[in-house]
Amino acid sequence: METTPQTRAAFSIKPADRMTVLPTQFFANLVRKANEQITLGHDVINLGQGNPDRPTPPHIVQSLQESAADPAYHRYPPFSGFAFLKEAIAYRYKEDYGVTLDPETEVAILFGGKTGLVEISQCLLNPGDVCLVPDPGYPDYWSGVALAGAEMAFMPLREENRFLPDYSELSETDLKRAKLMFVNYPNNPTAVAAPASFYEETIAFAEKHGIVVASDFAYGAIGFDGQKPVSFLQQPGAKEVGIEFYTLSKTYNMAGWRVGFALGNREIVRLINLMQDHYYCSLFGGIQAAAATALTGPQDCVDELRRVYESRRNALFGALARIGWNARPSEGSFFSWLPVPKGHTSSSLADLLLQETKVVVAPGIGFGMNGEGYVRLGLLSTEARLEEAVERIGKLNLFG
Ligand SMILES: Cc1ncc(COP(=O)(O)O)c(C=O)c1O
C-alpha cells in the first residue's frame, strides 16, 4: 500500500543539544523593530549596527574583477589558502607593527574574523573549561564558547578603569578552570584603545594562569587623535601565549568579502587550520588575490578612511555637546558609547529614540550586564545624518 501524507507518522526534527545552548541573537530584535519603522515609511537613521557604509576601494575591486577571470582560481584553492595571501598579511604586519610572522606556520586564513573567534573556542575548550570574556563585549565570543559546551566568566569593563579589565577581580575558582580569554582593543562597544602596558600585563597574567589570549584586533586600523592602535603581537612573549585576529572588513571596507586572519602562536594556527580542513576548502582564490592587493597595495585609502571616521566622530560629539549629552569621545573603532540619561535603561532609551525620533541605537545590555546604562552609536552615516540624528534626539529634552 502506498503511504500517503495522512498515513505517515508525524516526523519531527530534533536539534542537537548544542543548537539549544546557542545564545539568543539580541540584535535581531533591534533590526526587526527598525525595519518595521522603515516599512511604515519613516526616515530612519540607523546608528545601531556595525556595517561599514563606504565602498571597497576601486583598486581592490578591480583586482577581484581581473582575478575572477583567471582560470587558475576556478579550481579548488589549497586547503589552508594561497601562500601569497599569507605572505601579504605577514608583509602588512611587518610594515605597520614591526611584527615578524612566518607566513606558513604563524598565519591562518579565515572566512572573516567572526569564524576564527568561534573556531578558537572549539579548538581549545572542553565542557567544564572556562573562557574569560569582556563585559560589555562582542557577542560572537559567547557563540563559540556555547558551541564548545564550555562556560564563560565575565571580565567587567568599567568606565572608571578606562574600560580595561581588572584581572585582580577574577575569582580563583574561575582562574583555575580558565583556558582562554578574549581581549578587544580598539574596543567594540566602548570605543576605547589600549596602551602597550595593558598587553604586557595581559601576557604576564596569561603566563601565570596558563590562559591562551585571543586578541581581537578588528578595529586595529582605526585609531583617532594621532594614536595608532597597538597590536598585541608587538609585545614580547605574545606569540607564546596567544593569537591575534585581524580582518579586512573594517580596514578596507570589505565586510562582505569575508577575509580574516588568525596570527601568532603556531600550535593555535595549526589547530585552526586543522579544524578548517574539516569544514572548508579556503576562500575563492579570486578573493584571496584581491585581499593580497589590499594588503600590499597603496594604503592611502586606509588613512583616508580613518580621517572620515575621525571627522564623523568630531561632528557627532560636537552635536552631542550642543544638546548636553556628555560622553567620553571615542578613541578608536567606528563606535561611540554614550551613558543613558537618568530614569532610563539602555533598552527603554533605545525604544524611545526609535519611536519618537526614528533613530536606531544599540542598547548596551545587548553586549552584557555591564553594558547596561549605555547605548552604542555607530559612526557609519555621513556627518550631516549624524548631526541630524542628534538634533532629533535633542528635541526630547532628555539632558537637563
Ligand atoms: C569586535 C569585532 N570583532 C570581530 C568582528 C568580525 O568581523 P568580520 O567577521 O567581518 O571579520 C567584528 C565585526 O563587527 C567586531 O565588531
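**Close-up views of a predicted model**

**View 1. Serine 67 in helix α3.** Serine 67 has its place in helix α3, which spans residues 58-68. The model shown here and in the views below is predicted. Serine 67 has a relative accessibility of 7%, so it counts as buried, the limit for that class being under 20%. Its side chain has two backbone oxygens to look for. One belongs to serine 63 and lies 2.6 Å from a polar atom of the serine 67 side chain. Another belongs to glycine 286, which the side chain of serine 67 reaches at 3.3 Å.

View 2. The ligand sits in the largest pocket. Two elements each give two or more residues to the shell around the ligand: α5 (112-124) and α10 (248-251). Helix α5 supplies the largest share, with 4 residues. In total, 14 residues surround the ligand. The closest are Gly113, Asp216, Thr247, Ser249 and Lys250. By class, the shell holds 6 polar, 4 nonpolar and 4 charged residues.

View 3. Threonine 247 places a polar side-chain atom 2.6 Å from an oxygen atom of the ligand. Serine 249 also brings a polar side-chain atom to 2.6 Å from a ligand oxygen. On its own, the ligand has 400 Å² of accessible area, and the protein covers 92% of it.

View 4. Proline 186 has its place in the loop that runs between β5 (178-183) and α8 (196-209).

**View 5. Asparagine 253, with positive phi.** Asparagine 253 has its place in the loop between α10 and β8 (260-264). Helix α10 is one of the elements that give two or more residues to the ligand shell. The phi angle of asparagine 253 is near 50°, a positive value in a residue other than glycine. Is asparagine 253 buried or exposed? Its relative accessible area is 9%, so asparagine 253 is buried.

**View 6. Serine 282, with positive phi.** Serine 282 lies in the loop between α11 (266-279) and α12 (285-296). Serine 282 is not a glycine, yet its phi is positive, at about 65°. The relative accessible area of serine 282 is 16%, so this residue is buried.

View 7. Leucine 125 lies in the loop between α5 and β3 (130-135). Helix α5 is also the element that gives the largest share of the ligand shell. Leucine 125 counts as buried because its relative accessibility is 5%. How far apart are the C-alpha atoms of leucine 125 and leucine 180? They are separated by 7.6 Å, while the two residues are 55 residues apart along the chain.

Methods:
Residues are numbered from 1 along each chain as its sequence is written. This is a predicted model: local features need pLDDT of at least 70, side-chain atom pairs count only at pLDDT 80 or more; totals for chains, interfaces and linings use all residues. Side-chain values use heavy atoms; hydrogens and water are left out. A residue is near a molecule or strand if one of its heavy atoms lies within 4 Å of it. A polar contact is a pair of N or O atoms within 3.5 Å; within protein, one must be able to donate a hydrogen and the other to accept it, and residues adjacent in sequence count only if both atoms are side-chain atoms. Accessible areas come from the Shrake-Rupley method with a 1.4 Å probe; for residues, only the protein chains shown count as cover. On a 1 Å grid over the protein atoms alone, a cavity is a set of points where a 1.4 Å probe fits but cannot get out, and a pocket is an open set with protein on both sides within 12 Å along at least five of seven lines; lining residues have an atom within 4 Å of a point. A molecule sits in a cavity or pocket if more than half of its atoms lie within 2 Å of its grid points. Ala, Val, Leu, Ile, Met, Phe, Trp, Tyr, Cys and Pro count as nonpolar, Asp, Glu, Lys and Arg as charged, and the others, Gly among them, as polar. Buried means under 20% relative accessible area, exposed over 50%, partly exposed in between (1.4 Å probe, protein chains only).
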